[in-house]
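Let's take a friendly walk through the helices and strands of this model. Please keep the structure open as you read.

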Amino acid sequence: VTIKWTRQTKLGDYRVPRKGEQHRITINNSLNKFAFLITLIHELAHLTTFQKYGNRVASHGIEWKNEFKILMQPYLFHQPIFPDEVRSKLLAYMQNPKASSCSDVALMLALNNYNASKNKLVNELKINDVFSIVGDVRKFKMEEKLRKNYLCSLVGSKSKFRISPIAEVAQVYAESNL
């Protein structure tokens, strides 16, 4: 297991062993302790799935989901370590875990309460707010709430983007700074 710098596209990953190498798991260094544990178990489930089935199954298929559920059980039931708000969201997510825990907005919002960084999230903004996202210099204007995401326009362009409610906001701009 290797702790890596923060990557924008993933929280962690698993690599199968190649020609004499060992299994490799990497996890972002910016995760809080609860998100770190969930990510570690997610990646360990890939390892145990590979050990049982090799490359014959889908990476986030039913076999992986079952392994993930089995590995997560001790932390949810036998020695619960998650705060109640995280545990309840995690229990719901574990009914049918997805390839990324980030796809579960309720779980990510609960986990966000334990982050060292206290950046605002997109879901905390108001309609017509202009903002930039962490790691992105572009400015967006909040247009409307969609079913899951927010429709935002790129300032100075006709381009529209669906932005996740859990995207971290780097800055909110005053009208005079546009």
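Predicted model: local features only at pLDDT ≥ 70, side-chain atom pairs only at ≥ 80, totals over all residues.

Two strands pair if DSSP finds at least two bridges between them.

## The open sheet

Three strands to look at here: the order is β1-β3-β2, they form an open sheet, and the pairing is mixed. The edges belong to β1 (2-4) and β2 (12-15); each has a single partner strand, so one side of each is left without a neighbour in the sheet. On average, and with direction ignored, neighbouring strands of this sheet are turned by 20° against each other.

How many bridges link β1 and β3? The pairing of β1 with strand β3 (residues 24-28) runs over 3 bridges, in the parallel sense. To find your place in this pair, look at T2, whose bridge partner in β3 is T26.

## Helix α2 against α3

Two packed helices are described by the angle between their axes and the distance between the axes. For helix α2 (residues 62-78) and α3, the axes cross at roughly 155° and come within 12 Å. That angle makes α2 roughly antiparallel to α3, given that angles over 145 degrees count as such. The crossing of the two, α2 and α3, is left-handed.

Which residues meet? From α2 come F68, M72, L76 and F77, and they meet R87, L90, L91 and Y93 in α3.

## Helix α3 against α4

Now turn to helix α3 (residues 84-93) and helix α4 (residues 105-112), which pack at an angle of about 155° with their axes 9 Å apart. The pair α3 and α4 is therefore roughly antiparallel. In passing α4, α3 makes a left-handed crossing.

On the α3 side, the contact is made by E85, V86, K89, L90 and Y93, while α4 brings A106, L107, A110 and L111. How do the residues of this contact of α3 with α4 divide? They fall into 7 nonpolar, no polar and 2 charged.

Conventions
Residues numbered from 1 in each chain as written. Heavy atoms only, no water. Axes fitted to C-alpha atoms, helices over the stretch in contact; angles between N-to-C directions. Helix = DSSP H or I, 4+ residues; strand = E, 2+ residues; numbered from the N terminus. Parallel < 35°, antiparallel > 145°, perpendicular 65-115°, else oblique. Left-handed = near helix turned anticlockwise from the far one by under 90°. Contact = heavy atoms within 4.5 Å. Nonpolar A, V, L, I, M, F, W, Y, C, P; charged D, E, K, R; others polar.
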